[in-house]
Amino acid sequence: MKPPPFDHHAPRTLAEALDVLAATGEHGKVLAGGQSLIPLMNMRLAAPAHLVDINRLGGLAAVETGPDGVRVGALARHAQVERSAGAAAVQPLLRQALRLVAHPVIRNRGTAVGSLVHADPAAELPAVLALLGGSVRLARRGGTRDVPAGEFFTGPLESALGPGELAVSAFFPALPPRAGTAFEEVSRRHGDYALAGVAALVRLDGGLRVAAATAACVSAGPVPVVVDVTAACGAAPAGAADWEAAARAVRERIEPEDDIHASADYRRHLTGVLAARALREAARAAVEHADGSAGGYAAGSRAGDGG
Amino acid sequence: MTTRPFGEAVQRREDPRLLTGRGRYLDDLGSGALAAAFVRSPHAHAVVRDIDVADALDVDGLVAVYTWEDLPERLARPLPLLIPHPALTHGRTALPLARDRVRHVGEPVVMVVARDRYLAEDACALIRVDYDPLPAVVGLEEAARGERLVHDDVPGNVGAHLVQSVPSADGREAGEAIAAAPHRLEFRLDIERSASMPLEGRGVYARWDADDASLRVYSSTQTSTSVRMALAATLGLPLPKVEVIAPDVGGGFGVKIMHPWPEEVLVPWAAMLLGREVKWTEDRREHFTSSAHERAQAHSVRVGFDDDGRVLGLDVTILHDHGAYTPYGIIVPIITSTQLPGPYRLGAYRVAFSSVYTTTVQVTPYRGAGRPQAVFCMERTMDRIAAHLGLDRTAVRAANLIQPEEFPYDQGLTFQDGRPLVYDSGDYPESLRLLKELIGWDSFAAEKERAAAGGRRLGIGIGCYVEGTGVGPYEGGHVQITSDGRVHVSTGLTSQGQGHETVFAQIAATELGVPLERVSVVTGDTRRFGYAVGTFASRAAVMSGNAIALACRKVREKALRIAAEALEADPRDLEITDGLVHVAGVPGASVPLATVAVLANPLRYAFDDEAARATQFAGASPPDRPPVAEGEEPGLEGRGYYSPIRSTFASGMHAAIVETDPLTAEIRILRYAVVHDCGNLVNPMIVEGQIHGGVAQGVGGALYERMVYDGHGQLLNASFMDFLMPYATEVPHVETAHLQTPSPLNPLGIKGAGEAGVIPVSAVIASAVEDAEGIPVMKMPISPSELFDLRRAAGGPQAS
């Protein structure tokens, strides 16, 4: 379990990194946290000829929060985003999801953007980005483009990132007013990839009735599966919505597969259970949010829960 | 510090070293050695047509490439079949490197030696082996059908078939007793594959000294003495020219008692051939596909019983999957067969097993070694009987227990050591009473009802076992007291973290009357002690512990004799306390053991002040006698050997309370209780630690671990991502109570403790899940997905 030979590039500026990526094309691979890439290389399942190590590009480590959302830089570690009080205030789903990502030592090293680019449908962050309708900013020599989540994840472990491109940041939109989120998952062991997991976003209207409810499912298809359950759960008051009907809608939409840890049937059943739990919890949080403030940014800033 | 630390919860002396990164494991040694790597079969079953190494030769830093063709005659043969047995009629072992056939994914085909491991793996990747794939044989059913053969000359894939039968007191065979019983049941029980999975894999590091024509080998092994003998034989070296050392070993759990591994002979051979140090460190993927697994067994049970649940006849037919080869013989199914009766007096018992070949990794003992299967089988049977009769599960067990006055109890079987299986001592009814009290068995029904009212599902389970420990043939110990008053203890068996440095020192300090700090212990180093068997079968404390005690008693006797002369006293009046030999009741009349050590070794040359006291003009020995009396030896040292007539039998009972989630089918262990009896305790803290570790592995076997082979014989979960060993977060707190019924078989009255914890866990968890769910659990391990399937199959209310 030793990697085959490769060239290690350690650019000191973004421009230099983009030059190397342009020169190496499909033979180049970006190294950020390395939590997925290095094991793949050690098992010789991946053999990039060039590793472009971006760990010296300190400017990419920023987590910027604003009223409209959170922009996470390519070098921001999971732990850094998880601990950011500002990020949690603007979009609480980030912390809710990151706490479920693997183990602390992996979160200390692994990066949020790296997880998005790795595009594992069993991972939490792709589901979060998909649910929130966020985007990934891709830079290449001579330009950048923002790719919306719906177009970014193209298949299992496949994304819209092209040869020569570097994902420099990801943007997670802020929690809308009178909205709440939750993330529920079941894994075999603490910290494992989830057998099933559901991120939920519920928005209420002025009368605290469900205005919109969506769920994003992990391990439920080739890419994160986002299901709009607004119609299924009915425009009921938050406390009286039919979350079981929403769960049924989720079960009908997803396409889980058998693997060595669980059958597709069990995953389908479990995803429904977790969808009901997550939606109910998100609705509860939305009511709380509506009581606290009209705007997520302000509410979160006051919360200031120690980052 | 007490000088009688036997029985005290002394802190482990090895921990400061091991816990602060100062352990020296195999890969910490030989930083300048060449690295070996292996090309291994990617096919479960194939003919090897051709091997083309041409491309690999261009790798910079390549030193050598070896295939079977390159091996000398002694190495080109199949590896030893370590434990032959008359019933193993078709035993087969692998060649160190495959010649023309591979029989499991991971079988070594080519050895590469290079400047470092990276380069060696680069070269491996460039070697092209042309295979002609053959059909794989995976799973017990496929193997037993015998349509596809793993070995062309083994018809039906059956390596061994063994039947043992014990008639009832009135002379009836099991079949007859079952037929005549008031109640009868018949069912099948299955256990899946798992593995020892030590965190440190195997590893070998060899140094050939051409000037001295001697070989030193470090191996991450559970038996350095036997590896040494195997190497001397295989490499044609005189035994005194071979040294084998087991350095710190990061876990064994059984897999490292297997030897010699292909790598274990090939690496030293290459070191000799190349005149260079060579090292191979197994990586995790290799460990999954190239070492050994265990546990896979199916059991067809027929049982007859009376209205009280007393077993009148039991007939068990076992199908055992031993993988592609049988280097360790058929020890695992033999142990299942013979340990199955557990703490019970069975009316009549018949057990038959067939051990079959599959194109998967070979099977050798893993902690518990066939007992988890045996206990799963017996204890599930007890639960089935209870369910059938509507009796409390502990009442059925109580009706069958062997009573304290029945010891020694002969089960009428032949155990794994080829000797009669006779229980030496135990108190099973007391053990059951203690367990019920510890877990609160009798009040659980009310607790379960309360939980059910709140929508929660709880269940309680129980499992009982008897474990033959401390099998022979022997172990030895050497004890030397040097003129600085230090006590040097060595024994040939090896350590994998059990705490031998602590417990053997406790035994020596107690026997000799010296402070614990003055005792040092060396294990697994053939330079210090050449005669040993190894560390397995919960035998180290029983075997080496008693051998060391016997060695100490010899040394003590000699010390008292010499001190008696110096003190002009009768040796019978002397005692040793705190390293001082003194006349009982006469303060001041004493001589330190250090001085006795000086006097024990008459010298001509003084090298320090102490030594000067033993020189020829110092008057240390009377001039009218030879300085070393006839029949005596110089020095204050002694050897002792302990060779028991048969095994000693430890026992225990476990209970657990689990909660199953009605919606997600997750299974959580809320409480886990253990009553354990391993005779006299040398160190209760270490025994508890062994139990905790065993339960942790048992939880893995019950709820998480399995080897998932597909129909092509590919192991689908050969990594720690997908082979789910439990983390600390998955292991429950273990509540423990000890019972001590000393063994009458050995001087210290002790029994083995190493494997105990793991043995009944699958039985206990199955029992508890069944209680929570009201659905029979006949296969282990069980995952949430499988519990979901069981619920659905049972047609019960399925929330969705």
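Helices here are DSSP runs of H or I with at least four residues, strands are DSSP runs of E with at least two, and both are numbered from the N terminus. You're looking at a predicted model, in which local features need pLDDT of at least 70, side-chain atom pairs count only at pLDDT 80 or more, and totals for chains, interfaces and linings use all residues. Residues are numbered from 1 along each chain as its sequence is written, chains are lettered from A and ligands numbered from 1 in the order in which they are written, and side-chain values use heavy atoms, with hydrogens and water left out.

**Stop 1: two cis prolines in chain B**

Select Pro781(B), in the loop between strand S29 (779–780) and helix H19 (784–794) of chain B. Now jump to Pro473(B), which sits in the loop between strands S18 (457–469) and S19 (475–481) of chain B. Here the bond from Gly472(B) is cis, again with omega near 0°.

**Stop 2: where the chains meet**

Show both chains. The contact (heavy atoms within 4.5 Å) draws on 26 residues of chain A and 37 residues of chain B. Together the chains bury about 2700 Å², with 57% of that on carbon and sulfur atoms; buried area is the accessible area (1.4 Å probe) that two parts lose on being put together, summed over both. On the chain A side, pick Met1(A), Arg188(A) and Arg189(A): they supply 27% of the area chain A buries against chain B, more than any other three residues.

Next, look for salt bridges (a side-chain nitrogen of Lys or Arg within 4 Å of a carboxyl oxygen of Asp or Glu). There are four between chain A and chain B. Arg792(B) pairs with Asp265(A) in a salt bridge, with the closest N and O atoms 3.1 Å apart.

**Stop 3**

Over all chains the salt bridge count comes to 78. For another pair, select Asp52(B) and Arg128(B), whose closest N and O atoms are 3.5 Å apart. Asp52(B) is in strand S2 (residues 46–52) and Arg128(B) in strand S6 (residues 128–133), so the pair ties together parts of chain B that are 76 residues apart in sequence.

**Stop 4: helices in chain A**

Select H11 (residues 243–253) and H12 (residues 264–292) of chain A. They pack at about 135°, with axes 8 Å apart; axes are lines fitted to C-alpha atoms over the stretch in contact, and angles run from 0 to 180 degrees between N-to-C directions. That makes H11(A) oblique to H12(A). Angles under 35 degrees count as roughly parallel, over 145 as roughly antiparallel, 65 to 115 as roughly perpendicular and the rest as oblique. Residues making the contact include Trp243(A) and Val250(A) of H11(A), with Leu279(A) and Arg280(A) of H12(A).

**Stop 5: helices in chain B**

Over in chain B, H13 (residues 500–512) and H14 (residues 540–567) pack at about 30°, their axes 9 Å apart. That makes H13(B) roughly parallel to H14(B). Among the residues that meet are Phe504(B) and Ile507(B) in H13(B), and Ile548(B) and Cys552(B) in H14(B).

**Stop 6: positive phi in chain A**

Finish with Ala102(A), which has a positive phi of about 45° although it isn't a glycine. You'll find Ala102(A) in the loop between helix H5 (92–98) and helix H6 (104–109) of chain A. Leu157(A), also not a glycine, has a positive phi of about 60°, and its loop runs between strands S8 (153–155) and S9 (158–159) of chain A.
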